[in-house]
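Trainee: I am new to this structure. Please show me how to read it.

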Amino acid sequence: MDKKKVAVPLVCHGHSRPVVDLFYSPVTPDGFFLISASKDSSPMLRNGETGDWIGTFEGHKGAVWSCCLDTNALRAASASADFTAKLWDALTGDELHSFEHKHIVRACAFSEDTHLLLTGGVEKILRIFDLNRQDAPPREVGSSPGSIRTLAWLHSDQTILSSCTDMGGVRLWDIRSGKIVQTLETKSPVTSAEVSQDGRYITTADGSTVKFWDANHFGLVKSYNMPCNVESASLEPKLGNKFVAGGEDMWIHVFDFNTGEQIDLPSSINSSLAALCYCSFQSGIILGYVKMSLQK
């Protein structure tokens, strides 16, 4: 009788406080990389395949709420409670620039062409910084109806996705007009929003619901009720046939995308989960909480 293969997590030690955001780079000539944001104020860069520590970006004076790498994994960005978003050299760890804000910055995202950095936070303003003219004033796309929690680029950098900490819905902004062109309605504030690797779906978590939206026509494709309030959800990137979700019940749940049925026994992490995503190149699951663990 064949024994069922059991996933053994790789635990990536280093952060001293909860991990609140995770981001994988695309594959580069040097491999692919993982960056993590934590309330300990020090984003960390790791080998995306092994989880081995590469370096720590030091310079923030408050919790770091968001982090990302550009397409080539040559630069990193971070958004912090110290009222700044910082640009880093991912090879040396040096700070390249600090973009000052007037309040907490909750989210940041590089454009696909790597020339722009998008930020948002408690000020309720979406700002776009030109990384070729770092000292130039940012372009303010529009005023969000609430404090910004998540941000993402869509449609070859022509559309921006945003969600708020204090109200439901995901808003789609047209980059040219600076106006909201569509709102994806949810009952609760959206705690995570992810664009699938193939650009087909937007995955959102709000309250105890995980939803999948058509990323081009913005219609609701699937909606599933979860066993608890969900903090984060992620669609498997290679086949798109399953998704993972986790939150306040301290368990990781894997579900069938087409039916919503749970397909694996849940795994306990003994901590409320704050961030979660699939590795785009291994179909492993990366989780963020007090300790960061990689499950293959």
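Trainee: How many bridges join β6 and β7, and in which sense do they pair?

Mentor: Strands of a sheet pair through backbone hydrogen bonds, either parallel or antiparallel. Here β6 and β7 (residues 75-80) pair in the antiparallel sense, over 5 bridges. Strands are DSSP E runs of at least two residues, numbered from the N terminus. Two of them pair if DSSP finds at least two bridges between them. As one case, S66 has A79 in β7 as its bridge partner.

Mentor: A word on the source. This is a predicted model: local features need pLDDT of at least 70, side-chain atom pairs count only at pLDDT 80 or more, and totals for chains, interfaces and linings use all residues. Residues are numbered from 1 along each chain as its sequence is written, and side-chain values use heavy atoms, with hydrogens and water left out.

Trainee: In what order do the strands of the open sheet run?

Mentor: The order is β6-β7-β8-β9, 4 strands with antiparallel pairing. β6 (64-69) and β9 (95-100) are the edge strands, and each pairs on one side only.

Trainee: What should I look for in phi?

Mentor: Most residues other than glycine have a negative phi. A73 has a positive one, near 60°. A73 lies in the loop between β6 and β7. H155 also has a positive phi, near 55°. The loop between β14 (148-154) and β15 (159-164) holds H155.

Trainee: Is A73 buried or exposed?

Mentor: Buried means under 20% relative accessible area, exposed over 50%, partly exposed in between (1.4 Å probe, protein chains only). A73 has 8%, so A73 is buried. H155 has 31%, so H155 counts as partly exposed.
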